[in-house]
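This briefing is meant to be read alongside the sequence and the coordinates.

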Amino acid sequence: MKQLFSKSFWHLPAFMKNSQLRLIAIFLLGLAIVCEIMAFLVNPILGAVLLILVFLTIGASFLTLKEITEDTNEYISDLSYRIKRGEQEALIKMPIGILFFNDQTEAEWINPYLQKYFGKREVLGKKLKDIDLQLAKLIEQHFDEKKPVEVKWGEQYFQLLIQKEIHAAYLMDISQYAKIEQHDLETDAVLGQIFLDNYDEVTQSMNDKEISDLSNYVTNELANWARKHEMFLKRIDDDHFFILAYSKALQQLEQEKFRILDRIRERTSKQNFPLTLSLGIAYGDDNLALLAQTAQSNLDLALGRGGDQVVVKSPDGQARFYGGKTNPMEKRTRVRARMISQALQELINQADQVFVMGHQRSDMDSMGACLGIRRISKMNHKDCWIIMDQATPHSDILRLMQELEQYPEIKGSIITSAEAIEKANPQSLLIMVDHSKPSISISTELYQKMADRVMVIDHHRRGEEFPENPVLVYIEPYASSTCELITEMLEYQSRDSEPINKIEATAMLTGIIIDTKSFSLRTGTRTFDAASYLRSVGADLTMTHHFMKENVQSFMQRNHLIDRLEFLGDRLALCAGEPDRIYDPVTAAQAADALLNISGVEASFVITKRQDEKIGISARSNGKENVQVIMEELGGGGHLSNAATQLTDMTVAQAREQLLKVLKKDQK
């Protein structure tokens with residue numbers, strides 16, 4: 001029995017030699033043996049009969065299982081053959097290009113699908129760069145990519161996957177889907193608003209016929225422009241238009257840099273009524289309500305920067321600026337100044353205390369504006385605290401602080417950022433003067449704490465960075481300085497309160513004089529009115545000259561920078577400081593101003609290393625070159641003729657190269 005069991009089991013079909021079938025076979029054989037023994041014990045004849053039945057059953061089972069095994073092996077063999085044949089045919093006929101190459105980037109094998117892209121050219125055994133240079137560069141560029149990447153080869157689009165272990169490249173043609181995607185992108189909705197900046201001012205002195213002619217001219221120009229780019233144009237008001245377009249049209253407009261602005265400005269200027277346009281354009285979202293809101297916001301940004309320009313921005317993207325080539329025309333009125341003054345008075349009365357701060361590295365315009373706001377707060381019987389960076393004041397601020405020793409009340413209201421943060425509460429009001437970017441405030445921590453109670457007073461063009469929810473905004477790029485704006489507001493305050501004193505008036509007048517370069521730049525009739533008012537309330541011209549005096553070190557540094565002058569063409573001047581020498585930012589700005597006095601220079605740039613290890617660039621122009629746009633491309637901002645930026649993790653030489661790239665791009 002033992003020999004029978006051993007022989008029967010080990011001669012089972014091959015597919016039964018797995019663990020489960022073995023257990024079943026052992027169990028059944030064991031059960032048969034037990035039954036056979038019991039049968040022999042009960043009745044030998046019965047045992048013999050059962051033994052014969054067991055052998056017959058085992059024989060029948062063996063034959064059946066052998067037949068099943070043969071059928072299964074035949075089926076598996078046939079299936080394996082079909083699979084291998086399918087793999088081979090798929091490898092040859094599948095709609096995916098396959099290329100095998102060796103370590104020397106020589107083509108070893110390609111399938112017929114990929115061969116059709118080479119025509120009848122022989123490719124095997126040749127280097128990829130000799131077969132197709134573009135394909136060779138694509139494979140080299142994406143050799144280490146682990147996922148498929150979308151590439152353009154010739155006029156077709158492919159998904160390219162490289163298996164670097166076996167030196168194989170797979171290319172799936174997705175041109176059809178790429179064209180559908182491109183079509184979708186080109187037909188995305190674009191909303192825009194057009195505003196005629198100075199329509200009211202220009203038409204104020206015209207008769208009805210002249211107004212009608214001007215209106216017809218502008219409408220016809222815009223209609224032809226819209227028709228050319230397949231846009232929908234609708235006039236909403238005398239000075240307001242709405243446009244609806246596809247993103248394809250927006251791409252064309254950006255390529256031509258919105259020449260419509262220059263065309264209308266130049267044509268109307270020849271007729272002695274120069275008219276400028278501002279556009280706010282939004283794209284990149286399927287929500288039309290959100291696009292409309294973004295377009296309005298972009299238009300507000302364009303107007304806040306002085307008009308005559310275009311702001312293009314998606315709801316979540318970075319703004320792109322076009323135009324802004326002309327100095328903003330003065331169109332603020334005394335009515336607006338009075339309204340802002342009254343609104344400021346109401347905000348001050350609602351607050352328990354006022355905090356005012358300028359930008360980092362305060363200048364006289366910033367500090368004079370702070371003193372002016374403090375005086376307005378005192379006129380409304382509220383305490384006002386001036387936040388000042390007292391660590392490294394410039395020479396003019398240092399002289400002002402020395403003079404303030406004679407005014408202990410004012411001196412005592414100047415506090416540090418830490419003291420201001422401790423004093424501030426939800427009922428306080430924060431006023432940002434001479435800047436609108438929270439990132440360049442003296443105390444960004446104080447701004448964050450009081451972000452919902454912030455007012456902005458500034459004369460620089462508004463940038464993309466701006467307080468989220470200011471309670472009041474007074475930005476006038478047409479003004480010479482922030483001190484000019486605050487001086488006008490002072491004139492509408494109560495006459496019964498204590499008036500502005502000598503030191504405050506002198507500081508504010510100094511701020512105006514410095515920002516206008518002694519009334520030679522950005523100066524309008526309102527500038528002289530403000531200066532006249534400050535003189536009438538006690539501003540001391542002798543003291544202003546005292547504040548503006550340079551120390552010997554500053555004088556030597558400025559001359560040293562000018563001595564490193566180089567010309568970029570005939571119109572641009574550039575000075576780059578020594579790589580490891582620290583320069584005062586104010587001195588760098590003065591050097592940039594001085595370069596404009598050179599005949600033929602329309603714009604100047606001074607690059608220096610600052611005390612905070614940043615690289616500063618001061619830019620100035622005579623108005624023909626828009627240095628604000630140039631500095632914005634480097635992360636800064638300012639005016640059309642007065643701008644700056646600070647760069648981190650960079651050397652003076654690297655900053656110079658960055659500037660040259662932007663200048664080269666801007667001149668195209």
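The model is a predicted one. Helix α15, spanning residues 395–403, has seven of its nine residues buried, so the rest of the structure largely encloses it. Two of the elements that its buried residues pack against, α20 and α22, also pack against each other, at an angle of about 60°.

**Surroundings of α15**
- The buried residues of α15 are Ser395, Asp396, Ile397, Arg399, Leu400, Met401 and Glu403.
- These buried residues pack against the helices α14 (364–379), α16 (408–412), α20 (502–515) and α22 (541–548), and also against the strand β14 (414–415).

**Packing of α20 with α22**
- The axes of α20 and α22 lie 9 Å apart at an angle of about 60°, and the two helices are therefore oblique to each other.
- The crossing of α20 with α22 is right-handed, and α20 contributes Lys502, Ile503, Thr506, Leu509, Thr510, Ile513 and Ile514 to the contact, while α22 contributes Leu541, Met543, Thr544, Phe547 and Met548.
- Sorted by class, this contact of α20 with α22 holds eight nonpolar, three polar and one charged residues.

**Packing of α9 with α11**
- Helix α9 (residues 208–228) packs with helix α11 (residues 259–270) at an angle of about 155°, their axes being 11 Å apart, which means that α9 is roughly antiparallel to α11.
- The crossing of α9 and α11 is right-handed, with Leu214, Tyr217, Glu221, Leu222 and Trp225 of α9 in contact with Ile260, Arg263, Ile264, Arg267 and Thr268 of α11.
- By class, the contact of α9 with α11 comprises six nonpolar, one polar and three charged residues.

Methods
Residues are numbered from 1 along each chain as its sequence is written. This is a predicted model: local features need pLDDT of at least 70, side-chain atom pairs count only at pLDDT 80 or more; totals for chains, interfaces and linings use all residues. Side-chain values use heavy atoms; hydrogens and water are left out. Buried means under 20% relative accessible area, exposed over 50%, partly exposed in between (1.4 Å probe, protein chains only). Helices (H or I, at least four residues) and strands (E, at least two) are DSSP runs, numbered from the N terminus. Contact means heavy atoms within 4.5 Å. Axes are lines fitted to C-alpha atoms, for helices over the stretch in contact, and angles run from 0 to 180 degrees between N-to-C directions. Angles under 35 degrees count as roughly parallel, over 145 as roughly antiparallel, 65 to 115 as roughly perpendicular and the rest as oblique. A crossing is left-handed if the near helix is turned anticlockwise from the far one by less than a right angle, and right-handed if clockwise. Ala, Val, Leu, Ile, Met, Phe, Trp, Tyr, Cys and Pro count as nonpolar, Asp, Glu, Lys and Arg as charged, and the others, Gly among them, as polar.
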